[in-house]
Amino acid sequence: MIKDRLGRELRDLRISVTDRCNFRCSFCMPEGEEYQFFRRDEMLTFEEIQRFVRALIPLGVKKVRLTGGEPLLRRDIQRLISMLSSLPLEDLSLTTNGFLLKEKARLLKSSGLKRITVSLHSLRDKVFSELVGREVKVSWIIEGIEEALRVGLEPVKVNVCVVKGVNEDEIVDIARFFKDMGVVVRFIEFMDVGNLNHWSLERVFSVREMFQILSEHFDLEPLEKSYRGEVAERYKHRDCGVEIGFISSVTQPFCGECNRLRLTAEGKLLTCLFAQDGYDVKSLLRSGAEEEKIREFVTRIWSEREDRYSERRLELLKRGIIPRKPEMFKVGG
Ligand code: SAM
Ligand code: SF4
Ligand code: SF4
């Protein structure tokens, strides 16, 4: 177990396996921008990723989540999943936009993936297509979710990024739809990740506002945190027990419990979603470093860590300071 300067233990590792995406969500990777993607040889290989994860397990890493860009676009992703599933981890999950889920869910499950999170921000084809920057039928993503349930990638969770003026009028319908399906929904405040998504505080629909609306329609009972550092505020529908959660990264930050490290597809290690610089893991891995050396490297970085961007955001905004931040599709959320 290693602790940072604020006493936070390292526990979660989020690995972006590609920065490419088949969507162009307005809050992440808006259309009309020119994007530079990593070449294949610039990205970590599966063997390098596995070596890195294996080295970090004695330091306390228990949970690994694969993300992107769109992780299901990384060729043979099932091979990485099966390599990671052979390691002694408590949890191995993946976040996807769901476009390729229907065809891949079974393979992901049989390769050792434990559970999956699907991002779906609207139930209306027109709003969804506008949000994700291409024409997609919501029913297509729902079929992917149904397939994930069928093959046992449970619990399936759905992430909904709520943007004021875009989809906040749908939260009751979305909550009802997934309650009936027995799927956990997580409503997420629109965050100021990256530099391209035209974020402003006025476009944030707060968790407090969401909760107020939802509690007029549903009987929600608060749940205890299931582990220290859990980011979602969790509730359950009292009548059926299905869970529903909220992630209030902007209005009620939770940096004090943040135990997550992030690795980008090209092998940069970030100690915060908003970190301006990453640490070069790729060179270390490619120099043939032994596991002990990798642990020393990460221990040094983690023990010097004092990030708490979300807690400082409002103060920085007031002072007119807008730091450069990494893009969400590079870091993986
Ligand atoms: N492409 C996959 C997907 O969309 O699920 C995985 C990567 S995506 C960067 C990870 C998560 O970040 C998704 O649930 C997405 O909705 C969320 N996200 C992206 N941009 C966001 C933003 N500006 N604010 C809040 N959540 C955001
Ligand atoms: Fe792609 Fe996910 Fe970003 Fe949307 S949120 S553009 S699906 S990486
Ligand atoms: Fe963790 Fe950084 Fe997010 Fe705070 S802002 S919760 S330190 S990733």
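Student: How much space lies in the second largest pocket?
Tutor: This is a predicted model: local features need pLDDT of at least 70, side-chain atom pairs count only at pLDDT 80 or more, and totals for chains, interfaces and linings use all residues. Residues are numbered from 1 along each chain as its sequence is written, chains are lettered from A and ligands numbered from 1 in the order written, and side-chain values use heavy atoms, without hydrogens and water. A pocket is an open set of points on a 1 Å grid over the protein atoms alone, where a 1.4 Å probe fits, with protein on both sides within 12 Å along at least five of seven lines. Points join across faces, edges and corners, and volume is the space filled by probe spheres set on them; here that is about 370 Å³.

Student: Which element gives the largest share of this pocket's lining?
Tutor: Lining residues have an atom within 4 Å of a point, and there are 20 of them. Helices (H or I, at least four residues) and strands (E, at least two) are DSSP runs, numbered from the N terminus. Two elements give two or more residues: β11 (268-270) and α11 (328-331). The largest share, three residues, comes from α11.

Student: How many residues around ligand 3 are charged?
Tutor: The shell (a heavy atom within 4 Å) includes Cys255, Cys258, Arg262, Cys272 and Asp307. Asp, Glu, Lys and Arg count as charged; Ala, Val, Leu, Ile, Met, Phe, Trp, Tyr, Cys and Pro as nonpolar; the others, Gly among them, as polar. The shell has seven nonpolar residues, one polar, and the charged number two.

Student: And around ligand 2, how many are charged?
Tutor: The residues there are Cys21, Phe23, Cys25, Cys28, Met29, Gly69 and Asn97. Five are nonpolar, two are polar, and the charged ones number none.

Student: How many residues of β4 are buried?
Tutor: Buried means under 20% relative accessible area (1.4 Å probe, protein chains only). Arg115, Thr117 and Ser119 are buried on one side of β4, Ile116 and Val118 on the other. The count for residues 115-119 is five of five.

Student: Which residue in β5 is the bridge partner of Ser119?
Tutor: Strands pair if DSSP finds at least two bridges between them. Three bridges join β4 to β5 (residues 157-162), and the two run parallel. Ser119's partner is Asn159.

Student: Which residue stands opposite Ile116?
Tutor: β4 is joined to β3 (residues 91-96) by four bridges, again parallel. Opposite Ile116 stands Leu94.

Notes
Buried means under 20% relative accessible area, exposed over 50%, partly exposed in between (1.4 Å probe, protein chains only).
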